[in-house]
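Here are a few notes on this model, jotted down point by point. Have the structure open while you read.

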Amino acid sequence: RISPPSGPSTGGTSIEIEFTSGNALSGVDKYMCHFGDLVVGALAISDDAIECISPQYEEGSVSLEVSRDGGDITEDRRTFTYYHQPVIESLQPPHGYARLGQTVRVLGYGFGLRRPSDHISCRFNKRIISDARWVSSREIICDAPSIDPTVDPRQVSVAIAMNGIDFTGDNFTTFTYMDEPSGVAIDPLVVSADGGTVVTLEGKNLENALRCRFGTLGEPSPVLSAAKTSVICKAPAILPTSPYVGQSTPLYVDFGGLGFHSTGLHVYYEPHVSQDNLYRTSLND
């Protein structure tokens, strides 16, 4: 068994080679790892395993065999696969809520082809997430962990490792944690079904608001302004047949492009006032 079975072409991967039982190893003997025609030293780390560091090599698979004290080289047909170290270009989204975590699309190139032996991992600051999902040669899905915003840093570097060990080296790709927003009041509570009512949401951590949605039907409305403690948006018109006419309607807000977040607050859509209704009212008077 070889772990990991792959590494970057720049070399430097710490590889553990485990032998079947009955091949007792000694810390006194001298072991060598043979990567094709390249030979590097190895150390016995247990009774049935050695460790060696991969040398720089071109991309592709190479035979990996072992010799002991200059003796015969094994013929176990092991292979080690070299790949170009991937490059991260962007994160989508580049931010998420501190206490909730966030699914993140890691975009870039050099993510290669998915192999059953791959152990793709993501690293947020010093925390390693080992269950990253390969999508394509240009995309990997990672789950950003939740943090304690009172202790942990809000902005963290992000890296990936195609073999679970050798992470990308730059620290330029960062993920930012935000406090979860909360709404405490809406003014006014009653809005016109004809649209145009300006609504103010008051609360905490609202500065990243982008869009408002009144109920779950129709198109969202762009935020007119957003501050840390308030968001202003305009209630859209709704059809006379809408189930929200004359009903309590929930308000949702999209913060930072993370999807719509329930504010837990509602507005009341006043019924439409038609010319026909006005005429009948005047007759009854």
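1. Which hand does the link of Cys33 and Cys52 have about the S-S bond? Left-handed, with -95° about that bond. The model is a predicted one, with local features needing pLDDT of at least 70 and side-chain atom pairs counting only at pLDDT 80 or more, while totals for chains, interfaces and linings use all residues. Residues are numbered from 1 along each chain as its sequence is written, and side-chain values use heavy atoms, leaving out hydrogens and water.

2. The S to S distance for Cys33 and Cys52 is 2.3 Å, which passes as a disulfide (a pair of cysteine sulfur atoms within 2.5 Å). Cys33 sits in strand 4 (residues 31-35) and Cys52 in strand 6, so the pair ties together parts 19 residues apart in sequence. Strands here are DSSP runs of E, at least two residues long, numbered from the N terminus. Cys33 is buried at 0% relative accessibility, and Cys52 is too, at 2%; buried means under 20% relative accessible area (1.4 Å probe, protein chains only).

3. The count comes to three disulfides, paired 1-2, 3-4, 5-6 in sequence order. Cys122 joins Cys142 with S to S 1.6 Å, and the torsion of about -40° makes that disulfide left-handed. Cys212 joins Cys233 at 2.3 Å, and both of these cysteines are buried.

4. Strand 6 (residues 49-53) also runs antiparallel to strand 3, joined by five bridges; strands pair if DSSP finds at least two bridges between them. Ser14 stands opposite Ile53 there. On strand 3 (residues 14-18), Ile15 and Ile17 form the covered face, with Ser14, Glu16 and Glu18 on the uncovered one.

Key
Buried < 20%, exposed > 50% of the residue type's maximum accessible area, 1.4 Å probe, protein only. Helix = DSSP H or I, 4+ residues; strand = E, 2+ residues; numbered from the N terminus.
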